[in-house]
Amino acid sequence: MKPIKLVISGIGPYGDRMPEIDFQSFDLNMPILIAGETGAGKTMIFDAICFALFDAASGSYRSTDSLRSEYAPPGTESYVEFTFAHQGRIYRIYRQPSYMRPLKRGTGFKLEKEKAVLYPGDDTPIEGIKAVNQAVQELLHVDEKQFKQLAMIAQGEFWGLLNAKTEERTGILRHIFMTEGYKAMELQLRERRGKAIKAADVLERSLIQYFCDAEAEPGSPLAEEISQLQEQLRKSGGIGSIEEMLSLLDRAIEADVPMEAELAEKLAALREALQELQKDLALAENTEHNLKKYNGLVKELAGLRERLADCEKREQQLAEAEKALQEKIRSLQSGREQLSSVPERLAACQQEINALRELADRLGSLQSQQVPRYGRAKKRLAELQEGLESAQSAHAAAMRARLDGEMQLERNRAGILAKKLVAGQPCPVCGATMHPSPAELPEKAVTEADVKKLQQQEKKAEAARSSAAAEAAAARAELATLDSQIGSYMLECLKSGCWLEAVARGEAFAMEIPAEAGLRQLYELVQLQAGQLAALLQKKRESAADLQSRAKRLQQVEKELAEASGRDTEALQLKRQKLLKERENAKTAVADREGQRQLLEQLALKIGTGGSGGNSGNDGNDGNDGNGGSREAELAEYRGQLQRKISENKVQQQECQEALGRISRRRENNLSRRAKIAGLQGEFAAARHEAHILGRLYNLVSGQTGKGKLTLEQYIQAAGFDSIIRAANRRLIPMSDGQYELYRQEKELGNKSHTYLDLEVLDNYTGRRRPVRNLSGGESFKASLSLALGLSDKVSSELGGISMDALFIDEGFGTLDKKSIEKAMEILLKLSDSNKLVAIISHREELIEAVSQQIQVTKTRNGSSLAIELGK
């Protein structure tokens, strides 16, 4: 990946769209310096590239949701557009962060959502955050962290680059040395081994489960044998002999056949006896029916009379509820009359607020737009006036040069004629034959072409003077127009404000504005009025809030009144109608049940002692005394005896049926389990064999054949990383005056494969190795820079999926002394042979003097700006 162009707009300290940074215009044989004072926004150039590619800033302390510039005007968009070359193709990516912008109309803000578009040459653009992020990572073969390790050394992250763990470096080296195949081989073997083991385990568990589901008659010796083998299989989890399992199942199946036949005969006999008992019970129940029907009618009559009494009581409660509802309606009507004027008062107050808000917007527009516009027009007129004076001077000089040239041309012509004069021959000009003082040819000759050129220069100067005069005149006219417009606008605002204030105080309008007031005096009056209107607007808003609260109360009162007059009143009326209907129904039911009771007595149903129904039933007699009561008791006892016998028969049938079903299910279950075990026997043997073969292959590729734990991929990556370290030491040794060399940790490698890419440093002054994390800030930067350059060299030389032709260094030189800076610059200059773009961000004077091509970042009150210096 090589940067081509970068456009930053409304991001970080850059409030406006910055001039595009064309990296192709720089000489790639030299580093590029990004210079500027602290806080100017130098690092934001790096952040913009990281944000464009990976939707993330270059430093771990930055966040993409804070990229919107505080200096950006409302109309300026915030985005980054980055063009880069990769593997012979040109790509352009546009990315916009999410941010809040003011609405174009009215007040408030609108959320601009995050956007991302990738333009891959002439192919169809890719849109969407997730789609673009995935496409960039697939294109560059690195994620955001890996990209920073390869192409960027961000401020404060030198230590992290140097001290990255093995897991972080593995992803990068996998693409550089193309070890994906080895890792894929290991993963595929592990997956296939796992599947084979899982398949064998599943089959083994299925076989064990099938046999553990087998049963035999409880308490029998065969049940004990089966139980012992089942317990052994559960504990061991492994199968010994499948033939033994099949033999036990065959014996259990044969033992259940005679028991099943005996239970079937017993069940048939119980069913015949149950039919006879049910016939006797039906006859007894029919006899009891007529007695129970009469007693039921007596009880039902008593309940109906209680319902009539309850209806009369509820009628009285309903009358009281209707009275309370009418009182509530009268109270709500009184409250509505008291609040009836609130809507009109609220509307009037809202109109006053709108008028005040409109005037406040006009005053704000005057202060934020028109007054600055007048200042810009005045400044432009001064600049154009200076340009006019310069053009007039240039025109006068051109005219003098033209006149001098014409005079010189005439003298040249006279000198040429004088050379040809001969004594005694007439002059071709005056005709004289004597030539006492002939003209001489000047030393400096002027031709007609020279004179024409001077004339053309004079015309150009005249045209420039005329154009400058016209622009200055137009600017004066524009300034005069703005003066008149702004003055009129200020007077309108002042008059409107005075009128609004008078209305608010309930007074007559009286404006006191000086007749000869200038723009400055009017502007001061406008600023004073803006403060007064703000206070008045707040007061009106408080009044409006109070009226809105009263208006809500009015709405609530009207709603409650409507409900009380409509729904609640209607509900009470419906209750009254329902109650009247219920009372009539109860009366009708009492008459009906009384008629039925009398009919039963007329049928000579023997109840009580007389047998003729001497009691009418109104006294609550339930017919349980005398002969009727004796008959009911006898029938109840007989019916109870029959029901007990039937229940006993059903229990016996259920027990017999359950035992028969249990034996039948057990035999069917054992048959099914035997068939499944026999069917899985061959498949289980094949699965065990496959798992064994795949396990041996996986142990070989994953490094688990001995004590060591280094995989085939790790071994290849470690060898490749050693070449990167050698390339890094070619820079680190001269940069550190021969003191330091980097080494890969190798001690106890077999037991610590997760550290096989960790680094340590050899101090040649002491002859001892120590962890790289113990290096000082300056030493860490030297080592990090050397490692980054070595990694970059390896990426360029290998045919892996990563191509990185850029290196960015952010502020790391701040920890180096002058001598170290010079050595680091020598190493960076040697990168020119690889045509790699090297960019350094720093405010060190030594680098500013040493690097001629620069991107200069200037910090102002209105945000930062960029300027390009291409050098010599």
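What follows is a chat about a predicted model of one protein.

Colleague: Before we start, what kind of model is this?

Modeller: This is a predicted model, where local features need pLDDT of at least 70, side-chain atom pairs count only at pLDDT 80 or more, and totals for chains, interfaces and linings use all residues. Residues are numbered from 1 along each chain as its sequence is written, and side-chain values use heavy atoms, with hydrogens and water left out.

Colleague: Okay, how many helices and strands are in the protein?

Modeller: The protein has 17 helices and 18 strands. Both are DSSP runs numbered from the N terminus, with helices being H or I of at least four residues and strands being E of at least two.

Colleague: And how much of the protein is buried?

Modeller: Buried residues are 40% of the 872 residues. Buried means under 20% relative accessible area, exposed means over 50%, and partly exposed is in between, using a 1.4 Å probe and protein chains only.

Colleague: What about contacts between residues at least 24 apart?

Modeller: Take the contacts between residues at least 6 apart in sequence: 72% of those join residues at least 24 apart. Contact means heavy atoms within 4.5 Å.

Colleague: Let's look at helices. At what angle do helix 6 and helix 7 pack?

Modeller: Helix 6 (residues 180-212) and helix 7 (residues 221-236) pack at about 155 degrees, and their axes are 10 Å apart. That makes helix 6 roughly antiparallel to helix 7. Axes here are lines fitted to C-alpha atoms, for helices over the stretch in contact, and angles run from 0 to 180 degrees between N-to-C directions. Angles under 35 degrees count as roughly parallel, over 145 as roughly antiparallel, 65 to 115 as roughly perpendicular and the rest as oblique.

Colleague: Which residues of helix 6 and helix 7 make the contact?

Modeller: Helix 6 brings Ile208, Phe211 and Cys212, while helix 7 brings Ile226, Leu229, Gln230, Leu233 and Arg234. By class, that's six nonpolar, one polar and one charged. For the classes, Ala, Val, Leu, Ile, Met, Phe, Trp, Tyr, Cys and Pro count as nonpolar, Asp, Glu, Lys and Arg as charged, and the others, Gly among them, as polar.

Colleague: How do helix 7 and helix 8 pack?

Modeller: Helix 8 covers residues 242-255, and helix 7 packs with helix 8 at about 150 degrees, with axes 10 Å apart. So helix 7 is roughly antiparallel to helix 8. From helix 7 the contact uses Leu222, Glu225, Ile226, Leu229 and Leu233, and from helix 8 Glu244, Met245, Leu248, Arg251 and Ala252. In classes, that contact has seven nonpolar, no polar and three charged residues.

Colleague: New topic. How many aromatic pairs are there?

Modeller: A search of the whole structure turns up four aromatic pairs. One of them is Phe82 with Phe84, which is stacked, at 5.5 Å centre to centre and 25 degrees between the planes. Rings of Phe, Tyr and Trp (its six-membered ring) pair if their centres lie within 6.5 Å; planes under 30 degrees apart count as stacked, over 60 as edge-to-face and the rest as tilted.

Colleague: Is Phe82 buried or exposed?

Modeller: Phe82 is buried, at 0% relative accessibility, and Phe84 is buried too, at 1%. Ring pairs also link Phe82, Phe84 and Tyr91 into a cluster.

Colleague: Where does Gln653 lie?

Modeller: Gln653 lies in helix 13 (residues 626-701) and is buried, with a relative accessible area of 13%. Leaving aside neighbours within four places in sequence, Gln653 is in contact with Leu267, Leu270, Arg271 and Leu274.
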